[in-house]
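Here is a short briefing to read with the model open beside you. Keep the viewer handy and follow along from topic to topic.

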Amino acid sequence: MAQTEGIAQNKLNRLIGKGKFKQAAKLLEKTVKKTPTDDRSRMKLGELYLRLGQGEEAFAQLAFVGNRYREGGMLMKAKAVYSRLVELNEDHVDYVRALAELNQNIGLSDEATVQYQKLAGLLIRSGKKNETLGIFATMLDIGVAQVEDR
């Protein structure tokens, strides 16, 4: 089994090395269909979709992996994936919120505050003022906790 996976990985690397991203994506699509929980293949597939200009498909693959990491308690990995998602679509409220919450849970207060500020701006622009007040309250709590820690 491991030898078969190695052969497929070599083929994938050759295709990517030759710039044959479409063929590499098709190979990874088969892998993901066969093993839906193969996060590494989904990540690679997402990055290949980006190279192919298929942003929505890329976002879906990366979001799937980020959500699995978060649910599995792999917060630093989830943070990396969510950061990538926010980089791809900085107006996606759900992932800006998720990234802010992850940063807060990990203890990265400054980064959490930056993401919460972005989130508040998005919510204000979409007319969700009451929800924005909750975000400001969270930011205040973070600030108070930082002062108490000093």
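Let's begin with a charged pair: Glu87 and Arg84 form a salt bridge, their closest N and O atoms being 2.6 Å apart. Both residues lie in helix H5, 3 residues apart, which is about one turn of the helix. Please keep in mind that this is a predicted model.

- An α-helix has 3.6 residues a turn, so residues three or four places apart point the same way.
- Glu87 counts as exposed because its relative accessibility is 59%, and exposed here means over 50%.
- Arg84 counts as partly exposed, at 24% relative accessibility.
- The side chain of Arg84 also meets that of Glu47 in a salt bridge, at 3.1 Å from N to O.
- Glu47 lies in helix H3 and Arg84 in helix H5 (residues 75-88), so this pair ties together parts that are 37 residues apart in sequence.
- Glu47 is partly exposed, with a relative accessible area of 29%.

- Glu131 and Arg97 are joined by a salt bridge between their side chains, at 2.4 Å from N to O.
- This pair links distant parts of the chain, with Glu131 in helix H8 and Arg97 in helix H6 (residues 93-106), 34 residues apart.
- Glu131 is partly exposed, and its relative accessible area is 33%.
- A search of the whole structure finds 6 salt bridges, among them the one between Glu131 and Arg97.

**Helix H3**

- Helix H3 covers residues 39-51, which makes 13 residues.
- From its first C-alpha to its last, H3 reaches 19 Å, close to the 18 Å expected at 1.5 Å a residue.
- The buried residues in H3 are Asp39, Ser41, Arg42, Leu45, Gly46, Leu48 and Tyr49.
- After H3 comes Gly53, which has a positive phi near 80°.

**Helix H4 and Gln61**

- H4 has 17 residues and reaches 24 Å from its first C-alpha to its last, close to the 24 Å expected at 1.5 Å a residue.
- Ala58, Phe59, Gln61, Leu62, Ala63, Val65, Gly66 and Tyr69 are the buried residues of H4.
- Which helices do the buried residues of H4 pack against? They pack against helix H2 (21-34), H3, H5 and H6.
- Gln61 sits in helix H4 (residues 55-71).
- Is Gln61 buried or exposed? Gln61 is buried because its relative accessible area is 13%, and buried means under 20%.
- Leaving aside neighbours within four places in sequence, Gln61 is in contact with Val32, Arg42, Leu45, Gly46 and Tyr49.
- Just after H4, Gly73 takes a positive phi of about 80°.

**A nonpolar patch on the surface**

- Ile124, Leu133 and Phe136 form a nonpolar patch on the surface, and together they have about 290 Å² of accessible area.
- Phe136 is found in helix H8 (residues 129-149).
- Phe136 counts as partly exposed, at 40% relative accessibility.

**The chain as a whole**

- How many helices and strands does the chain have? Its secondary structure comes to 8 helices and 0 strands.
- Read along the sequence, the pattern is α-α-α-α-α-α-α-α.
- The radius of gyration of the chain is 19 Å, well over the 15 Å that the globule rule gives for 150 residues, so the chain is more spread out than a compact globule.
- Along its principal axes, the C-alpha trace spans about 55 × 30 × 25 Å.
- Of the 150 residues in the chain, 32% are buried.
- Among contacts with a separation of 6 or more, 40% are between residues 24 or more positions apart.
- The accessible surface of the chain comes to about 9400 Å², and 51% of it belongs to carbon and sulfur atoms.

Terms used:
Residues numbered from 1 in each chain as written. Predicted model: local features only at pLDDT ≥ 70, side-chain atom pairs only at ≥ 80, totals over all residues. Heavy atoms only, no water. Helix = DSSP H or I, 4+ residues; strand = E, 2+ residues; numbered from the N terminus. Buried < 20%, exposed > 50% of the residue type's maximum accessible area, 1.4 Å probe, protein only. Contact = heavy atoms within 4.5 Å. Patch = residues over 30% accessible without salt bridge, like charges linked within 9 Å, V, L, I, M, F, W, Y side chains within 5 Å. Areas by Shrake-Rupley, 256 points an atom, 1.4 Å probe, with all protein chains shown as cover. Salt bridge = Lys/Arg side-chain N within 4 Å of Asp/Glu carboxyl O. Expected span 1.5 Å × (residues − 1). Rg over C-alpha atoms; globule rule 2.2 N^0.38 Å.
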